[in-house]
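Please look over the sequence and the structure below. The report that follows walks through the chain topic by topic.

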Amino acid sequence: MNDYYAELGLSRDASSEEIKRAYRKMARKLHPDVNPSDEAADQFKRVGQAYAVLGDPEKKASYDQGVDPYAPGGGAGAGFGGAGFSFSDIMDAFFTGGAAGASGGPRSRVQHGQDALLPLDIELSDAVFGGEVDLTFDTAVVCTTCHGDGSRPGTGKHTCDVCGGAGQTQQVQRSFLGQVLTSRPCTACDGYGDIIDSPCFECDGNGRKRETRTISIKVPAGVDTGTRIQLRGEGEVGHGGGPAGDLYVEVRVAKHPMFQRQGDDLHCSLELPMSAAALGASLPLETLDGPRDIDIQAGTQPGDVVTLKGLGVTRLRTESRGDLLVHANVRTPSKLTSEQADLLRQFAASRGEETPAPKFQSVNQGLLGKLRQAWKG
């Protein structure tokens with residue numbers, strides 16, 4: 001007996017999938033188009049013979065019981081080299097991807113639709129509080145004239161005369177392995193097994209058409225630029241009116257004229273006159289939650305931060321929120337009247353600052369350091 005397991009490099013307890021993978025790997029390596037040597041051709045023939053036995057459940061069962069159809073006197077006339085041997089399984093294993101309908105009958109006209117990815121532009125307030133945003137886009141929908149059938153109303157389909165409804169045709173070819181029977185998709189019906197007598201005039205037989213849709217999307221609070229939202233079944237309808245794929249929308253949050261987002265916190269800058277920073281003040285601020293009063297403490301320095309708790313961005317999938325951080329930007333007057341200049345000189349004299357002594361410090365500890373630390377939170 002021939003040792004077909006050894007030819008494929010397998011143990012005797014190998015599964016059908018392992019047998020197919022082993023054959024596919026060796027067939028690619030030894031195929032005459034890849035390896036034209038006589039030795040490779042001979043080994044390719046032996047490997048094909050091994051798969052013809054081990055890839056067929058009945059022949060494998062007989063072989064495991066001691067019956068080799070290709071051993072001398074063992075029934076070779078009905079085996080690998082005999083006329084009419086079906087080689088379609090081997091060809092399917094060798095040609096990756098095969099041919100649609102080559103071994104599974106006619107292919108269905110109804111196919112699953114593709115997923116779609118679209119951008120969704122929202123305002124910062126939508127990201128903070130959540131909301132509903134309309135999205136208009138062009139997509140494939142079921143044809144309303146034929147309802148996905150592909151045929152003009154009142155007509156239908158007929159069985160393909162070439163393949164008889166099988167969706168595939170067979171061809172016998174001679175090779176050094178013997179006569180090989182191969183299956184290919186029917187070119188007359190494109191592998192469907194039937195032919196549409198009169199295609200729908202609106203969708204041209206596809207069962208779907210292009211249409212502009214507008215849907216309302218619920219935006220959860222806390223999303224940010226780059227967040228993707230999945231909408232099941234809102235993608236493109238498949239060929240033949242098949243089930244729709246999913247729609248993915250990628251959020252893009254528009255820039256706000258006042259607030260800048262960092263994580264779950266919002267930041268803004270408040271410009272203060274020098275007198276308000278020195279004396280303190282209560283100033284109104286229009287936040288995303290409405291007007292709020294900000295208490296500016298006397299002696300506020302440039303870069304100081306006033307924190308408004310819970311007025312930031314809602315944390316995704318929670319009810320808690322970040323903070324709103326207001327950065328003080330003290331404005332020094334660039335032009336003074338003579339009266340104002342005299343008042344400031346009197347003020348400086350009262351503090352002994354007519355001729356201020358220079359006081360230098362590290363940048364990290366000065367204004368830039370305060371600003372950097374404030375932005376880092």
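## Surface and overall make-up

The accessible surface of the chain comes to about 22200 Å², and carbon and sulfur atoms hold 49% of that area. The model is predicted. The chain has 377 residues, and 37% of them count as buried. Nine helices and 15 strands make up its list of secondary structure elements.

Contacts reach across the sequence. Among contacts in the chain with a separation of 6 or more, 67% join residues 24 or more positions apart.

Strand 11 covers residues 265-273, and strand 10 covers residues 260-262. These two strands run antiparallel and are joined by three bridges. Gln 260 faces His 267 of strand 11. Two residues lie between the strands of this hairpin, and Gly 263 takes a positive phi near 65 degrees there.

Strand 11 also pairs with strand 15, residues 324-331. Here the strands run parallel, with eight bridges between them. Leu 266 stands opposite Leu 324 in strand 15. In a regular strand, side chains alternate between the two faces of the sheet.

## Two residues with positive phi

His 147 is not a glycine, yet its phi is positive, at about 55 degrees. His 147 sits in the loop between strand 2 (131-142) and strand 3 (157-159). His 147 counts as exposed because its relative accessibility is 64%.

Asp 204 is another residue other than glycine with a positive phi, near 60 degrees. Its place is the loop between strand 6 (194-196) and strand 7 (208-219). With a relative accessible area of 61%, Asp 204 is exposed.

## Cysteines without disulfides

How many disulfides does a search of the whole structure find? It finds zero. Cys 146 is in no disulfide, and the nearest cysteine sulfur, that of Cys 203, is 3.6 Å away. Cys 146 counts as buried, at 7% relative accessibility.

A disulfide needs the two sulfur atoms within 2.5 Å. Cys 160 counts as buried, with 2% relative accessibility.

## Salt bridges

Side chains of opposite charge can pair when their charged atoms come close. The count of salt bridges comes to 19. One of them joins Glu 7 and Arg 46, with the closest N and O atoms 3.2 Å apart. This pair links distant parts of the chain: Glu 7 is in helix 1 (residues 4-7) and Arg 46 is in helix 3 (residues 38-54), 39 residues apart. Glu 7 is partly exposed at 24% relative accessibility. Arg 46 is also partly exposed, with a relative accessible area of 35%.

Arg 261 forms a salt bridge with Asp 224, and the closest N and O atoms are 3.7 Å apart. This pair, too, links distant parts of the chain. Arg 261 is in strand 10, while Asp 224 is in the loop between strand 7 and strand 8 (228-231), 37 residues apart. Is Arg 261 buried or exposed? Arg 261 is buried, with a relative accessible area of 18%. Asp 224 counts as partly exposed at 31% relative accessibility.

Arg 345 and Asp 342 meet through their side chains in a salt bridge, 3.0 Å from N to O. The two are three residues apart in helix 8 (residues 338-350), so about one helical turn separates them. Arg 345 is exposed, with a relative accessible area of 56%. Asp 342 is partly exposed, with a relative accessible area of 40%. Elsewhere, salt bridges that share partners join Glu 7, Asp 42 and Arg 46 into one network.

Asp 126 belongs to helix 6 (residues 124-129). Asp 126 is buried yet has no salt bridge. Its nearest side chain of opposite charge, Arg 261, is 11 Å away. Leaving out residues up to four places away in sequence, Asp 126 touches Gly 131, Val 133 and Val 219.

Asp 64 lies in helix 4 (residues 57-64). At 39% relative accessibility, Asp 64 is partly exposed. Beyond its neighbours within four places in sequence, Asp 64 is in contact with Tyr 5 and Arg 12. Asp 64 and Arg 12 are 52 residues apart in sequence, and their C-alpha atoms are 8.5 Å apart in space.

Technical notes:
Residues numbered from 1 in each chain as written. Predicted model: local features only at pLDDT ≥ 70, side-chain atom pairs only at ≥ 80, totals over all residues. Heavy atoms only, no water. Helix = DSSP H or I, 4+ residues; strand = E, 2+ residues; numbered from the N terminus. Buried < 20%, exposed > 50% of the residue type's maximum accessible area, 1.4 Å probe, protein only. Pairing = 2+ DSSP bridges. Contact = heavy atoms within 4.5 Å. Areas by Shrake-Rupley, 256 points an atom, 1.4 Å probe, with all protein chains shown as cover. Lys, Arg positive; Asp, Glu negative; His and termini not counted. Salt bridge = Lys/Arg side-chain N within 4 Å of Asp/Glu carboxyl O.
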